[in-house]
Amino acid sequence: MTRQILIDPVTRIEGHAKISIHLDDNGEVQEARFHVTEFRGFERFCEGRPFWEMPGITARICGICPVSHLLASAKAGDALLAVTIPPAAEKLRRLMNLGQIVQSHALSFFHLSAPDLLLGFDSDPAQRNIFGLMAADPTLARAGIRLRQFGQDIIAMLGGSKIHPAWAVPGGVRSAPTAAQRAEIAQRLPEARATVLDALRRFKALLDTHRDEVATFGDFPSLFLGLVGPNGEWEHYDGHLRVVDSGGAIVVDQVKPSRYRDIIAEAVEPWSYLKMPYYRARGYPAGMYRVGPLARLNICTRIGTLLADAELGEMRQRAGGIATSSFYYHYARLVEILAALERISLLLDDPDLDSPRLRAEAGVNQFEGIGVSEAPRGTLFHHYTVDAHGLIQSVNLIIATGHNNLAMNRTIAQIARRYVKGDRISEGALNRVEAGIRAYDPCLSCSTHAAGMMPLVITLVAADGTVLDEVRR
Amino acid sequence: MAARTFTINDQLISAREGETILQAAREHGIFIPTLCYLDGVSAVGACRLCLVEIEGSRVLRPACVTPVVEEMVVRTDTGRLREYRRMIVELLFAERNHVCAVCVANGHCELQDLAIAVGMDHVRFDYAFPRCDVDISHPLFGIDHNRCVLCTRCVRVCDEVEGVHTWDVAGRGADARVITDMRQPWGEARSCTSCGKCVLACPTGAIFRRGATVGEMERDRNKIAYIVAAREQRW
């Protein structure tokens, strides 16, 4: 008799989901499924809109990473105009994306995951949240919140608002910050850098005390996919696609983002609204790949800034090369914040930013446009077709969280096998299953193209469908 | 020209003969909400937002087309009027697909301003969600019928100021649409001179500059009255 454990909803992630754990006749975990239960419909209702409006509309997909959609959409618009945008516009877009990476990664690490990591997976669930963290370590909690604010303020400086700025447009950007605004951001960099270096120091100490979690939180071979620069360096806004296997071998490299369909195919399962992309050449589901901070650090040859490259070297040394455990996502996130801060520092002094030329002007020159950028959670694709006047005919969005879907399912199965015993779910096991998902920092409102908080239920269901146990938050 | 004296909201007002209640009220700084009214073109009394109460009259009168009469007693801000105005604005929102957050006119929209002015915190009617087209076949401008409130300012400014009459209204009731020429795509409307006066006149994001993104459609609607005044002085 097989049985099922259901976790519904999953907490401290962005969006709505539930987890079901299926047990076999011997009470052993057979498989685990991560069900995304939101449905959005952006791909449908954007049809018929002028493509110039798409960055503003698609930014509304998400309140955490509106910038990612804004940029991918604006880039798809650049492709429809067939223009190379002015240098100042590209650099300003990069600056906003770096601000986005800082604020989103800070949210994931300090607000959502630090309660598990720093207070303990088995600590009192009533305290295991950002407020518990504030009580236990107010200095760290404050620093984390201020780090996120720093990223948000960069977005606000450029786009006029922290959330949903309609600032990047097809052909470029709408405005540039003043020198005084840039100087104000620059003088806050040392504090931000100190915060992330402190968090890195604390996290590295956890790697030694959490060997069990490192080994079970999604530690398996998979492919890793993301954008890299022309020489394989870390990239977050432009560049070409690279896929690396868990041995570090490059599977495919320098693929033009517009050719993404050559290497990525999508499968659909009846139990989730979230599509299951896979690496086409290896088939479904063997073509499982991961994206996001861990993937970006695994595929790049170097980051290109001093402090971040030193941290990348240490991370690779600790992981023994390619980091295959998704527990390392947290690590990679902190290294990426550091990398982003170093690049922000360089960009703020760039004389190109003083150029008044910010927006390329053109008509509709291509009927198909693909925009790709690295969202905090991974590679984001916006693919539009338009009619001769520029009205949207079709929209395909491949969202970072979607890429990780197969890997997230594999991760929760691995954690469940280690921590779920018999037909009851202990609180610690419940939290570890959720934390396995949290490592990916999934954004489900994005990936199903909802709003609201994420509560959690796990249900344990027997082979005949009877619910053995249900845990609800 | 003879003067007329009357009261608005108990305030003694002096106006010229032939002036409307709206004109007299504005000259004295009294706010009456309007939507279809536009300085420089004829008034049509279509939107009903400027309805006022006149003592002795059982029906409400649109201030934009009602001339002042000696000793009339006008009220512009009663509970009944406030309720009707809010209802009108709600119905305008429910009738088409207005999504301020992603609209080209966000922050510069007379319908949005009206919603705030009448205290519309939500719409009590079911949205109609009609299927409306967007026409961006014109090289410079676009029309999004989702955002059109059928005020006919574009029709009047095109006819009376530009003297072309590219714009008109076709269909009845919920199917009514502003059209260009004989309901051709705007880009194929041969009569259009691309003067852009309709773009200046539009109160919402319905008529916009092609390529405009969220909140970029700022327009100086006083330009129409300026053009008319300048022309009258020269001729």
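Student: Which residues in H3(A) meet H4(A)?
Tutor: This is a predicted model, to be clear. On the H3(A) side you have Val67(A), Ser68(A) and Leu71(A), and they meet Arg93(A), Met96(A), Asn97(A) and Gln100(A) in H4(A).

Student: And how does that contact split by class?
Tutor: The contact of H3(A) with H4(A) has three nonpolar, three polar and one charged residues.

Student: What angle do the axes of H3(A) and H4(A) cross at?
Tutor: Roughly 150°, and the axes come within 9 Å. Helix H3 of chain A covers residues 66-81, while helix H4 of chain A covers residues 87-119.

Student: Roughly parallel or roughly antiparallel, then?
Tutor: Angles over 145 degrees count as roughly antiparallel, so H3(A) and H4(A) are roughly antiparallel to each other. As for handedness, H3(A) passes H4(A) in a left-handed crossing.

Student: Staying with H3(A), is Pro66(A) buried or exposed?
Tutor: Pro66(A), which is found in helix H3 of chain A, counts as buried, because it has 25 C-beta neighbours inside 10 Å and the cut-off for buried is 20 or more.

Student: What is Pro66(A) in contact with, leaving aside neighbours within four places in sequence?
Tutor: Pro66(A) is in contact with Ala59(A), Ile163(A) and His164(A).

Student: Which residues make the contact?
Tutor: From H4(A), they include Leu95(A), Leu98(A), Ile101(A), Val102(A) and Phe109(A). From H13(A), among them are His330(A), Leu334(A), Ile337(A), Leu341(A) and Ile344(A). By class, the contact of H4(A) with H13(A) divides into 13 nonpolar, four polar and five charged residues.

Student: Another pair: what's the angle between H6(A) and H8(A)?
Tutor: About 130°, with the axes 10 Å apart. That makes H6(A) oblique to H8(A). Helix H6 of chain A is residues 138-159, and helix H8 of chain A is residues 189-209. H6(A) passes H8(A) in a left-handed crossing.

Student: Who touches whom there? And by class?
Tutor: Ala143(A), Gly144(A), Leu147(A) and Phe150(A) in H6(A) meet Ala192(A), Thr195(A) and Val196(A) in H8(A). The contact of H6(A) with H8(A) comes out as five nonpolar, two polar and no charged residues.

Student: Switching topic. How many residues does each chain put into the contact between A and B?
Tutor: Chain A gives 14 residues and chain B gives 11 residues. On the side of chain A, helix H2, residues 54-58, gives the most, with three residues. That side of chain A has seven nonpolar, four polar and three charged residues.

Student: What's in chain B itself?
Tutor: Six helices and 10 strands. The radius of gyration of chain B is 19 Å, close to the 18 Å that the globule rule gives for 235 residues, so chain B is as compact as a globular protein of that length. Its C-alpha atoms fill a box of roughly 55 × 50 × 30 Å along the principal axes.

Student: How much of chain B is buried?
Tutor: Buried residues make up 40% of the 235 residues in chain B. Helix H4 of chain B, residues 153-161, has seven of its nine residues buried, so it is largely enclosed by the rest of the structure. Among the buried ones are Arg153(B), Cys154(B) and Val161(B).

Student: What follows H4(B)?
Tutor: Gly163(B), whose phi is positive, near 75°.

Terms used:
Residues are numbered from 1 along each chain as its sequence is written. Chains are lettered from A and ligands numbered from 1 in the order in which they are written. This is a predicted model: local features need pLDDT of at least 70, side-chain atom pairs count only at pLDDT 80 or more; totals for chains, interfaces and linings use all residues. Axes are lines fitted to C-alpha atoms, for helices over the stretch in contact, and angles run from 0 to 180 degrees between N-to-C directions. Helices (H or I, at least four residues) and strands (E, at least two) are DSSP runs, numbered from the N terminus. Angles under 35 degrees count as roughly parallel, over 145 as roughly antiparallel, 65 to 115 as roughly perpendicular and the rest as oblique. A crossing is left-handed if the near helix is turned anticlockwise from the far one by less than a right angle, and right-handed if clockwise. Two residues are in contact if their C-beta atoms, placed from the backbone, lie within 7 Å. Ala, Val, Leu, Ile, Met, Phe, Trp, Tyr, Cys and Pro count as nonpolar, Asp, Glu, Lys and Arg as charged, and the others, Gly among them, as polar. The radius of gyration is taken over C-alpha atoms; the globule rule is 2.2 Å times the number of residues to the power 0.38. A residue is buried if 20 or more other C-beta atoms lie within 10 Å of its own, exposed if 12 or fewer, and partly exposed in between; C-beta atoms are placed from the backbone.
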